[in-house]
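User: Hi, could you walk me through this protein, step by step?
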Amino acid sequence: MSTRLSRRGFLGLVGAAGAAGVAGSFGLTGCGRDTTGQTAQLLTSLTPRPRPYAVPLPVPAVKEPLLRDATTDYYEIVQRVADVEILPGLKTPILGYDGMFPGPTLVSRSGRRTVVRHRNTLPVPTVVHLHGGHTPSDHDGYPIDLVLPVGGWNPGAGHGHGAGHGAGSTTGSMTGDVRRGERDYAYPFHQRAATLWYHDHRMDFTGAQVYRGLAGFHLVHDDEEQALPLPSGERDVPLMICDRAFEENGAFRYPALDRELRSTPGVTSAYMEGVLGDVILVNGAPWPVLEVAAARYRFRILNASNARRYRLALDPGPGEGTPFVQIGGDGGLLEHPEGQDTIVAAPAERFDVVVDFSAYKPGTVVTMVNQLGSGPTARVMRFRVTHRVKDDTAIPSTLGRIEKLDPAKAVRTREWRFARGDVHGEKGWTINGRPFDPRRMDARPRLGDIEIWRFQADLHHPVHVHLDPFQVVRRGNGGPGRFDAGWKDTVDLRPTEYVDVAVRFTDYRGPYLLHCHNLEHEDMAMMAAFATT
Ligand SMILES: [Cu+2]
């Protein structure tokens, strides 16, 4: 009960000092720091932090399909518990796709169907969402379309899934299209080349289950992209960046109210704004090192953190030119490359960048830093430049064609306000003042129509829309921001800001989601459903 009371009390407070006061009652240290540019609180590790730059960057293995026929690639992923070594000498139990964190990378071809059978041998229900996928509704991973554990599932007497306790409990007894043991997710991939990722989307428990390891890359290639002389093969490297805290025994430390993730959703009151860890992982390794030739590399940066925002920079910089040349975003290649001094990435955003290490002398050590972090979270990973090589890659001045969604042709404007609010008598996070209800459709956009969606925020909220990407039209009174170019599916809203985006849904009818991708906000009801018609 004290949790409920302190949660109510907490929501009146804004800012580091107030949060630290509440956190102090939980015996934690370091809370209230490290919150620059964040709506979240720092959870510190109880184990000594590992030495930075001591392990090589892992690159998740690309998974081979079980079968390829004329139209389709078939995969099977087994979701299972595994112990992995993230901290030297300690085992971290994970919930892993194929027992790995990150999960295996899937690679698909635009226009070729991909079917992924997910088999759930975990102790908890799961839902798989392909983030950035242009996916029919049945296969999009609606949060109540659970895949129950193959060994059976009993959330416990008196506790339905989300049965009325905790701020995010919005399902009640509602069930969706529930399967036992396994489910096939079919992706037509009628979409451009892009860096997608798959992750858990279980109602009320997404934050906890992604934190424990349920996330992986799914890359889509097409002819347009592959005709370009961009770095490829070993010089096309996905970077999944996330932060975690650890228990003394090496387990992930996460302030879930229900450690077993069975029935009570949400996190302890001090972390309602979001959970920040004090160890930065790239592809699952703490502050890793990558040896690079003095040549161009393409990095597919994904911020897979629950709540942390990053401002990434290179130290030292390249001397002349910008350290990053952005070539793509959430929805694939930009029209033209854009030089960027830094990359600001909110949760779930992707930035495809090229870094040219030929600007550095062999032997140089280049650190990717996080200018929004402090202490251990101010660094991300390191590159060690090894030797000069002949590099026949290039960044063409025109990358991809992007059809502009003309805001003047919009048939309507809809407003979506993202703010704290009442969730069934408890404090939580709401959209337009209401908590998520998977049976309530808050909009019925018609396929093919252009609409303007205005997102308004009280604090930091990374807003994600399913089914189709959008284009940023304006931020407040200004035009799109520096990181808003191209097709986006997640947009970084800052406190008190509004952003107008042009959306157009195509091909598939049915219920879809828009939600905050701060996963603690999402689990505490900051989602809304719309149905395309
Ligand atoms: Cu949010």
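Predicted model: local features only at pLDDT ≥ 70, side-chain atom pairs only at ≥ 80, totals over all residues.

User: Okay, which protein atoms are the donors of the copper ion?
Analyst: They are ND1 of H461, SG of C516 and ND1 of H521, lying 2.0 Å from the copper ion, where donors are N, O and S atoms within 2.8 Å of the metal (3.2 Å for Na, K and Ca), and sites may look incomplete since water is not among the atoms. H461 belongs to strand 30 (residues 461–465) and C516 to strand 34 (residues 510–516), so the pair ties together parts that are 55 residues apart in sequence. Strands are DSSP runs of E with at least two residues, numbered from the N terminus.

User: Are H461 and C516 buried or exposed?
Analyst: Both H461 and C516 are buried, meaning under 20% relative accessible area, against over 50% for exposed and partly exposed in between (1.4 Å probe, protein chains only).

User: New topic: what is the strand order in the open sheet of 4 strands?
Analyst: The order is 5-12-11-7, with mixed pairing, and two strands pair if DSSP finds at least two bridges between them. Strand 7 and strand 11 (residues 194–200) run antiparallel and are joined by 4 bridges.

User: And what is F383 in contact with?
Analyst: Leaving aside neighbours within four places in sequence, its contacts (heavy atoms within 4.5 Å) include L290, F299 and M368.

Note on methods: Residues numbered from 1 in each chain as written. Heavy atoms only, no water.
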